[in-house]
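Please keep the sequence and the 3D view open as you read.

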Amino acid sequence: MNHNRTERARRRWALLAMAPSILLAACGSDEEPAAEPIRPVRVVTVAKHEGSETLSLSGQIQAQDEVSLSFRIDGRMIERLVNVGDPVEAGQVIARLDPEPARNALRTAQANLSAAMGQQTLARNDYERQETLLGQGWTTRARYDAAAQALKAAAAQVDAAQAQFDTAQDRLGYTELLADGPGMVIARGAEPGEVVAAGRMIVHLARRDGRDAVFDVPASVIRTAPANPVVTVALTSDPAVQATGRVREVAPQADPVTRTFTVRVGLQDPPDTMRLGSTVNGSIQVGGVGGFEIPATALTQANRQPAVWVVDQATGTVALRNIDLERYDLARVIVARGLEADEVVVTAGVQALRPGQKVRMLGAGP
């Protein structure tokens, strides 16, 4: 028992003797905290953006007016006289239906009309005879009234038969499909031998007068474009071939897939080389108050307002600054206020910075 107590006391004194050396060693190991590393960032030197720019979009040439031609009656189409790309004139025969059913209906209507006219002649003769006999007192008023009524009924039958004859004659004329104006065939909807229903598109015509340049325009462009701009349209294959025009129609609803709006530009005296379906580029001048152009990647937020990191070139540190935007898209931002010419703005790594942090610039091109 005594031996154990002696052993514990000896160990306690040994630890107390080692404590000063341990404390001295700990004090000697204190070092300065490591300096924060300088963060490399990509930067750009802001440049003045002019108040107006040229905005270009691709589109195609279409007819200003298009129409689908179809038969007014159903039947079997036996002939189509035009094909896609053929020019047509007003009154030209486009296609024909089998005319035999219409001819038979016309013969029936003509026979019914002849029979009704014969009955009307008999009724008129009987009426005139009864009228004479009534004046001489040889017939009764009842027989005279019956003859008058029969004459009216016969006249009504003639009118009905005449209407049926006219309808049958019109239907025979409807077996030929005629162009109602000059144009060019841009699509066909039925082939000879098919039984077509009334109203089914046989050919689709592009009217000869008037051509449009049609573009799919983003909503941001429509919002910032000037009112009634002059649009310069040039062939993609030959930019020297140009025409000008103004916006004639803007679709009221965006395309559900592309979210763009269809804009039709009416061209003024387009050259013949701007054929239907040609690919064109349309350009307009988009005006503004001017500002500084920076990449969209430089944009961040401070106090719920747009902001950018600006580099102090003298100290190599960054500061967060709020800005006012004029407009922006997916690639760039136009800053109306908040920047000065030749200032350096961080374009990559903006989410990992803090105010006053030292940075190393990797690029400061305009």
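1. The side chains of Arg 321 and Glu 343 meet at 2.8 Å, N to O. A salt bridge here is a side-chain nitrogen of Lys or Arg within 4 Å of a carboxyl oxygen of Asp or Glu. Arg 321 sits in strand β20 (residues 317-322) and Glu 343 in the loop between β22 (332-337) and β23 (344-348), so the pair ties together parts 22 residues apart in sequence. Strands (E, at least two residues) and helices (H or I, at least four) are DSSP runs, numbered from the N terminus.

2. Before going on, please note that this is a predicted model: local features need pLDDT of at least 70, side-chain atom pairs count only at pLDDT 80 or more, and totals for chains, interfaces and linings use all residues. Residues are numbered from 1 along each chain as its sequence is written, and side-chain values use heavy atoms, with hydrogens and water left out.

3. Glu 343 is buried, because its relative accessible area is 19%, while Arg 321 is partly exposed at 29%. Buried means under 20%, exposed over 50%, and partly exposed in between (1.4 Å probe, protein chains only).

4. The structure holds 14 salt bridges. One of them joins Arg 80 and Glu 191, with the closest N and O atoms 3.0 Å apart. Arg 80 is buried at 14%, whereas Glu 191 is partly exposed at 32%.

5. Now look inside. The largest nonpolar core has 17 residues, and those with the most contacts inside it are Phe 71, Ile 94 and Ile 202. Such a core is a set of buried Ala, Val, Leu, Ile, Met, Phe, Trp, Tyr and Cys residues joined through side-chain atoms within 4.5 Å. Strands β7 (93-97) and β11 (201-207) each give two or more residues to this core. A second, separate core of 16 residues includes Ile 61, Ala 213, Val 231 and Val 263.

6. Finally, visit Ser 58 in strand β3 (residues 52-63). Ser 58 counts as exposed because its relative accessibility is 52%. Its C-alpha is 9.4 Å from that of Ala 213, although 155 residues separate Ser 58 and Ala 213 in sequence.
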